[in-house]
Every structure is written in C-alpha cells, then in structure tokens.
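This report covers charged pairs and nonpolar packing. The sequence and the structure come first.

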Amino acid sequence: MEQPRRITDSFPRRRRSVRAPGRVKGRGCPRPAVEPPTPPPPDLALLEMLRRFDLAWEYGPCTGEAPRFPPRPRSAPWVPPGPADPAPPIGITRLQRWERAQALGLSPPGPVRDALLEHRDNPDVTYRWVRHGG
C-alpha cells in the first residue's frame, strides 16, 4: 500500500546552513539610524524667568479661546460629543501667549520672546511650565 502524500513532498528540501560558533545572527543587517541628540536642558535661570511669565496674569491666561458652540434649543436632548468631534485646545505655547499679549498692548517682556525664539526646538522652553501634573 502506498503512503499518503504530504505537502512537503512537493517542495525540495533545503539544508540549513550551520552557523559558526561565535557568529551572531543578523550581523550583516543594516543598523537603525541613530536618533538625533536631544537638546541640552536649559539653564535654571531661563526656566525661572519663563515660570514667572507663566504665572503673571497681566499677560493673559495660558489657554486659548474656548470654541463657540451655537446655543442648543431646550427641547433638544443633550448628546455627548462623538469620536469625530475634535477636543478643544487645552493651551497655547508660550510664544503664542507672548504674541497675543503684545497684540493686546500688554507689553510682555522682550527677553522672554528672545529666549523662546532661541530655544524654539526645545519643548521644555516652548510649552508652559507644569509641576506635579497640574
């Protein structure tokens, strides 16, 4: 009686190459690109100056404008926002706040703008000072 055919009978067998001892798998593979170095942390005096700018209310709030929704008729039921509705912006960058204060004639300090433009790529400088998640 004949043995049943297997799917492996249709393909030629290949012998695995024997790896030499000490040879590491994947050594000839290209290495991933090196990440660009992170910018050095700004000095504490700069961060203190920016923190004082953040906490000074005379230059306006650190939040953007709230979106204006049309008034809902009283007869219409409240519907929670769906996944397609974008979330309102929570805050603005320090440079946007500085420019808004300048446009409103509030005379924000010039060294703050100079520091923000100089360290534009550093998120520690660009965004508002946050401590303990608040």
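Buried means under 20% relative accessible area, exposed means over 50%, and partly exposed lies in between (1.4 Å probe, protein chains only). By that rule Arg52 counts as exposed because its relative accessibility is 58%. Arg51, at 24%, is partly exposed. Glu48, at 28%, is partly exposed too.

The model is predicted: local features need pLDDT of at least 70, side-chain atom pairs count only at pLDDT 80 or more, and totals for chains, interfaces and linings use all residues. Numbering starts from 1 along each chain as its sequence is written, and side-chain values use heavy atoms, leaving out hydrogens and water.

The whole structure holds three salt bridges (side-chain nitrogen of Lys or Arg within 4 Å of a carboxyl oxygen of Asp or Glu).

| Salt bridge | N to O distance |
|---|---|
| Arg51 and Glu48 | 2.7 Å |
| Arg52 and Glu48 | 3.3 Å |
| Asp54 and Arg94 | 2.6 Å |

Asp54 in helix 1 and Arg94 in helix 2 are 40 residues apart, so this pair links distant parts of the chain. Both residues are buried. Shared partners join Glu48, Arg51 and Arg52 into one network. Arg51 and Glu48 sit three residues apart in helix 1. Helices are DSSP runs (H or I, at least four residues), numbered from the N terminus.

The largest nonpolar core has twelve residues, including Leu46, Phe53, Trp98 and Val125. Such a core is a set of buried Ala, Val, Leu, Ile, Met, Phe, Trp, Tyr and Cys residues joined through side-chain atoms within 4.5 Å. Helix 1 (44-55), helix 2 (94-103) and helix 3 (110-118) each give two or more residues to this core.
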